[in-house]
Amino acid sequence: MNRRHFLSLSASAAALTIPHITLASDWRTFELSYEVELIDFKGPADLWLPLPQELGDFQRIETPMFTSNADKNEIYRDARDGTSLFHARWNKAGSARTASGTMRVSTQARKVALHETRAPLSREIATYMQPSPSMPTDGIVATRATEITQGAHSQLQKAQAIYQWIVDNTFRDPKVKGCGRGDIRYMLESGDLGGKCADLNSLFVGLARASGLPAREVYGIRVADSAQFNSLGKSGDISKAQHCRAEFYLSGTGWVPVDPADVRKAVLEEELPLNDPRIVALRERLFGYWEMNWVGFNRARDFMPQPPTREPLRFFMYPHAETANDATDDLDPASFRYRITSREI
């Protein structure tokens with residue numbers, strides 16, 4: 001059995017067909033369009049694009065359609081964690097190396113009612129308490145988690161304590177490239193608690209895991225304006241609208257959405273203090289709620305796609321390209337251009 005579950009494969013186009021979905025009136029559907037051009041690449045080159053995937057009862061996908069002038073195209077879903085992606089391979093040097101595609105994604109607002117029980121965790125859920133190469137749970141991460149959750153008597157109280165600590169003690173740093181690097185050990189050891197979503201929400205996940213809570217990031221992109229704050233939405237050209245969110249598992253409830261990074265984003269970009277009533281309300285709301293003007297790609301941390309990249313991807317939220325001798329900086333890709341646009345259907 002091939003490690004990859006292939007959705008479609010063609011030399012010039014790839015397509016995935018999913019049965020028609022009947023949606024309730026509160027669902028919204030977005031069409032995402034991708035355009036990518038590799039420039040200044042010498043010799044063979046590869047491109048990997050993260051694609052939205054079904055993430056539960058709040059996000060469903062329809063039909064991706066991609067074409068390129070590459071020698072090989074494929075859309076597949078990783079057999080290990082379900083990550084969906086488009087891969088293109090150019091075997092020889094050429095002039096323009098291009099790929100384009102569209103897909104539709106339907107979302108509905110995600111809000112959970114919190115209820116805790118003592119039910120045991122399944123083996124699958126328990127894997128989200130484990131460290132990964134870039135997500136440590138020992139050393140200073142464990143020490144800080146113990147400090148933050150001191151006095152918490154339940155899993156829910158621990159998660160709330162970590163969430164509140166992050167909102168109170170971190171800040172959004174506009175100078176950080178892209179969504180950040182998610183290097184939580186450095187953040188805690190250096191005392192530099194500034195960053196962007198992949199930093200602040202990764203910090204929530206690492207501290208939660210170190211406290212015995214299953215937790216994970218969800219990587220995606222904003223696709224529409226926000227009903228909450230202007231700074232929390234993006235429509236039209238969303239090429240730089242990538243956003244990482246987080247969730248933790250609570251027995252009796254399931255996966256609980258949180259987004260402390262967006263609280264700090266609103267504080268900075270709306271120029272409001274933490275005690276402003278609108279921020280206080282947002283802070284309360286984003287523990288157990290995601291506004292789905294955002295589309296999730298995957299939960300892939302330290303991800304190795306197939307065919308493999310030179311090194312595992314710390315997270316898979318941006319287009320990634322490589323040659324035999326070099327890999328691009330996904331947060332500042334000078335060697336290729338891409339454009340992602342969104343329109344609501």
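Contact here means heavy atoms within 4.5 Å. The structure is a predicted model, in which local features need pLDDT of at least 70 and side-chain atom pairs count only at pLDDT 80 or more, while totals for chains, interfaces and linings use all residues. Residues are numbered from 1 along each chain as its sequence is written, and side-chain values use heavy atoms, with hydrogens and water left out.

Thr 149 counts as buried because its relative accessibility is 10%, buried meaning under 20% relative accessible area with a 1.4 Å probe and protein chains only. Leaving aside residues up to four places away in sequence, Thr 149 touches Lys 158, Ala 161, Ile 162 and Ser 211.

Helix 2 itself (residues 139-148) has Val 141, Ala 145 and Ile 148 buried. These residues lie on the same side of helix 2, because they cover an arc of only 65° around the axis, taken from the directions from the helix axis to the C-beta atoms. Their cover includes helix 3 (155-169), helix 4 (184-190) and helix 5 (197-210).

Turning to another pair, helix 6 (residues 260-269) and helix 7 (residues 277-285) pack at about 165° with axes 9 Å apart, the axes being lines fitted to C-alpha atoms over the stretch in contact and the angles running from 0 to 180 degrees between N-to-C directions. Helix 6 is therefore roughly antiparallel to helix 7 (over 145 degrees). Asp 262, Val 263, Ala 266 and Val 267 in helix 6 meet Ile 279, Leu 282 and Arg 283 in helix 7.

Terms used:
Buried means under 20% relative accessible area, exposed over 50%, partly exposed in between (1.4 Å probe, protein chains only). Helices (H or I, at least four residues) and strands (E, at least two) are DSSP runs, numbered from the N terminus. Angles under 35 degrees count as roughly parallel, over 145 as roughly antiparallel, 65 to 115 as roughly perpendicular and the rest as oblique.
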